[in-house]
Amino acid sequence: MWAFSILLEDMLIKDYFDDCIGQEKIRKTLSFYVSVFKKTSVFRNCLFSGQKGAGKTYFARKIGENLNGRPYYEINSETVDSVITLWDEVLLPFVVDREVVCFFDEVHALNERVTNFLLSILAPNPDYINDVRYNNQTYSFDSRRFTFLSATTEPQKVARPLKDRLKQISLIDYSKVELLQIVQKYCEIDLSMNVLEYLGGYIRNNARSATDLAQEINNYCKLNGKSSFSLNEAKDLISILNIFEFGFTNLEVQILNSIARGGASSLARLAAKSGLTSAAQKELEGNLLRLDLMEIDGQRRITPQGVEYLNRNLK
């Protein structure tokens with residue numbers, strides 16, 4: 001397991017995220033902020049960004065665990081559709097006059113009014129306290145008691161003033177070795193190197209995909225009374241789960257195949273064929289673009305690599 005320590009003046013900063021695989025630079029940054037919190041009771045408000053499954057919620061929860069037992073709450077930002085909802089369902093019951101950590105997931109979904117209200121609470125202040133008026137009353141929010149964490153898969157949609165209030169933490173892609181280490185970590189049995197190498201071809205490029213696959217292996221072995229997991233059994237499990245190379249789903253392969261069979265296509269045309277909304281279609285196209293299996297130059301087109309992918313996977 002990778003470990004580190006930093007000597008800053010006379011304070012040794014330990015790794016508070018030593019059970020995490022990968023994301024070393026982020027671990028250093030967040031461990032620094034936890035160490036500062038231990039001295040000052042202030043943790044830097046943060047905005048995590050990265051693809052789905054990258055570990056944003058994991059890091060938020062780990063921060064919560066390390067802030068001296070403060071209550072930790074997760075809020076789905078899409079449900080906070082007004083200042084009234086923010087106040088009645090989040091701030092009043094969980095934050096006002098309390099020590100707390102709140103994690104707003106998909107924070108880009110907050111509308112302008114909600115965002116502006118949060119900005120008044122999160123305004124930088126050397127005295128740590130911001131007074132906010134609501135319903136003809138004044139409420140004080142103390143950053144030594146209230147930690148604001150947030151995450152987004154679409155950082156470009158987060159309001160610039162809110163970004164400026166927060167430390168931006170961008171999670172990076174995991175290497176293949178790191179993903180396989182995650183699979184082995186969460187597997188209840190030891191996997192051979194040839195099994196791990198095979199499985200590596202069927203994992204999406206994020207930590208959640210690796211942990212999910214490890215759980216499926218555990219389920220397979222329990223169902224079949226196995227204390228080991230062979231290469232043939234790995235192939236059987238991948239077939240059962242209907243996972244394609246790179247961890248793709250049927251829908252992603254269907255989109256790629258539609259482009260290959262129909263030629264250059266518009267987003268609207270492909271969405272109509274797949275039965276998905278245009279927004280859902282674009283989300284599924286993300287991995288196809290990242291792996292250079294398709295390209296967009298006004299129209300969607302399959303690349304030579306995409307043709308090879310279909311040849312391998314649609315035999």
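In the class counts of this tour, Ala, Val, Leu, Ile, Met, Phe, Trp, Tyr, Cys and Pro are taken as nonpolar, Asp, Glu, Lys and Arg as charged, and the others, Gly among them, as polar. The structure on display is a predicted model.

**Stop 1: the largest pocket**

Begin by selecting Q51, K52, R204, E283 and N287, which are the closest to the centre of the largest pocket among the 32 residues that line it. The space in this pocket amounts to about 1,100 Å³. Sorted by class, its lining consists of 12 charged, 12 polar and eight nonpolar residues.

Next, colour α8 (207–223) and α12 (278–290), each of which supplies at least two residues of this lining. Which helix gives the most to the lining? It is α12, with eight residues.

**Stop 2: α6 against α7**

Move to helix α6 (residues 176–186), whose axis comes within 10 Å of that of α7 and crosses it at roughly 115°. The crossing in which α6 passes α7 is right-handed. To display the contact, select K176, L180, V183 and Q184 on α6, together with L196, E197 and G200 on α7. By class, this contact of α6 with α7 comprises three nonpolar, two polar and two charged residues.

**Stop 3: α7 against α9**

The contact of α7 with α9 holds six nonpolar residues, one polar residue and one charged residue.

**Stop 4: α10 against α13**

Finally, select helix α10 (residues 250–262) and helix α13 (residues 304–313), which pack at an angle of about 115° with axes 10 Å apart. Is the crossing of α10 and α13 left-handed or right-handed? This crossing is left-handed. On α10, highlight V253, L256, N257 and A260; their partners on α13 are G306, Y309 and L310. The contact of α10 with α13 contains five nonpolar and two polar residues, and no charged residues.

Notes: Residues numbered from 1 in each chain as written. Predicted model: local features only at pLDDT ≥ 70, side-chain atom pairs only at ≥ 80, totals over all residues. Heavy atoms only, no water. 1 Å grid on protein atoms, 1.4 Å probe; cavity = no way out; pocket = protein on both sides within 12 Å on 5 of 7 lines; lining within 4 Å. Points joined across faces, edges and corners; volume = space filled by probe spheres on them. Helix = DSSP H or I, 4+ residues; strand = E, 2+ residues; numbered from the N terminus. Axes fitted to C-alpha atoms, helices over the stretch in contact; angles between N-to-C directions. Left-handed = near helix turned anticlockwise from the far one by under 90°. Contact = heavy atoms within 4.5 Å.
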